[in-house]
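Try each task before reading its solution.

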Amino acid sequence: MNGLLAYVSRRLGLTLIILLAVSFAVYVIFSLLPYDPAALTCGKNCNDPGIIEANRIRLGYDKPFWEQYWLFLSGLFVGRSFGTGAAAIFCEAPSFGYSFQQHACVTNLLADALPVTIYLAVGALILWLIVGVGLGIVSAKFRGKIWDTLSTAFVLVGTSLPTFLTGLMLIIFLVVKWDGSPFPSDGYTGPDEDFGQFLLSMVLPWVTLAFAFAAIYTRFVRSQILEISTEDYIRTAKAKGLSDGRILGKHTLRAALAPIVTMAGLDFAGLLGGAILTEAVFNLPGMGRLSLKAVVDIDLPVIVATTILAAAIVVVMNMVLDIAYAFIDPRVRV
């Protein structure tokens, strides 16, 4: 037990260091961009150098880099004020900055966008695991037969079609050309507004993402099962007279679980950073659309925040997977 606690403590400490390094690297990169953040936040008055300089002082961009970075870090824990006097704007912790283009604290923008992306990622994850793992098992069990051929065709189509094309085809045939289609054409509906409409508005995005990922998982699970089936302990289990179903459930799938969990965890973390194409096609107000809008508008605080958040999600998911392995397999702790 002490070894497990020590391992978890080490992983937590390392994760905090990595998160700090990621935030610093992102802050450095965006501070080197050929844009003047003070000029991007003063609207029509940006033709006047005096107003730009006053805006730079008001927002703290005149301070040394290290002081600016410290203000950014401290804002994550205690909040931060932007501007001075009666015109000052305070963003509560965790503060990622203030977007003058959208006139809102960046944290509030993230709080509105992240749940949509979470709904999208969770639903797609469930679908692609059910379909991908199921087809992978069937394909391996009936290797060389018609079911294997059909699953191979599914893999080829799924890995060949880009997600935006899949999404557009679903919209054209299931919304535009289908009279009386139950799927809404006016974008996203929140679960707190109308849960039934929420499910209908998310079905096609879920299917779009799941189709691409399920194809990848079908191929991966099939290869894992076929590889594990050649191991000595599987042949021993067969020699003992265990049924194929028992061998598959108790030995083969258990051995294949770790790489599947790793792959699913990292793919899920990547989607939480924003499925830009899928969100754009289905007009979902998630992290992907927020990031895309920030890039188009050169909204630097939002770009920095979404980049750091996406990287942090991947880092934290890696930590969670490592800790989960420590519980599953004691050898990992060594």
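The exercises below concern a predicted model.

**Exercise 1. Pocket**

Task: Describe the lining of the largest pocket.

Solution: 
- Start with the space: the largest pocket holds about 470 Å³.
- Next, find the residues. The lining has 21 of them, and Tyr27, Pro37, Tyr61, Gln68 and Leu300 lie nearest the centre.
- Trace them to elements. Those giving two or more residues include helix H1 (2–31), helix H3 (65–78) and helix H12 (300–328).
- Finally, sort by class: 16 nonpolar, 3 polar and 2 charged residues.

**Exercise 2. Core**

Task: Find the largest nonpolar core and follow Leu209 within the model.

Solution: 
- The largest nonpolar core has 53 residues. Leu209 is among those with the most contacts inside it, as are Phe72 and Trp128.
- Helices H4 (106–141) and H7 (195–228) are among the elements that each supply at least two residues of this core.
- Now set aside neighbours within four places in sequence. Leu209 then touches Leu120, Ala124, Thr163, Leu271, Ala275 and Thr278.
- A second, separate core has 11 residues, including Ile228 and Ile260.

**Exercise 3. Salt bridges**

Task: Locate the 2 salt bridges and judge the exposure of each partner.

Solution: 
- Take Asp148 and Arg222. Their closest N and O atoms are 3.0 Å apart.
- Asp148 sits in helix H5 and Arg222 in helix H7, 74 residues apart.
- Buried means under 20% relative accessible area. Asp148 has 6%, so Asp148 is buried. Arg222 has 22%, so Arg222 is partly exposed.
- Turn to Asp297 and Lys293, which meet at 3.1 Å, N to O. Both lie in helix H11, 4 residues apart, about one turn.
- Asp297, at 31%, is partly exposed. Lys293, at 41%, is partly exposed too.

Definitions and conventions: Residues are numbered from 1 along each chain as its sequence is written. This is a predicted model: local features need pLDDT of at least 70, side-chain atom pairs count only at pLDDT 80 or more; totals for chains, interfaces and linings use all residues. Side-chain values use heavy atoms; hydrogens and water are left out. On a 1 Å grid over the protein atoms alone, a cavity is a set of points where a 1.4 Å probe fits but cannot get out, and a pocket is an open set with protein on both sides within 12 Å along at least five of seven lines; lining residues have an atom within 4 Å of a point. Grid points are joined across faces, edges and corners, and a volume is the space filled by probe spheres set on the points. Ala, Val, Leu, Ile, Met, Phe, Trp, Tyr, Cys and Pro count as nonpolar, Asp, Glu, Lys and Arg as charged, and the others, Gly among them, as polar. A nonpolar core is a set of buried Ala, Val, Leu, Ile, Met, Phe, Trp, Tyr and Cys residues joined through side-chain atoms within 4.5 Å. Buried means under 20% relative accessible area, exposed over 50%, partly exposed in between (1.4 Å probe, protein chains only). Contact means heavy atoms within 4.5 Å. A salt bridge is a side-chain nitrogen of Lys or Arg within 4 Å of a carboxyl oxygen of Asp or Glu.
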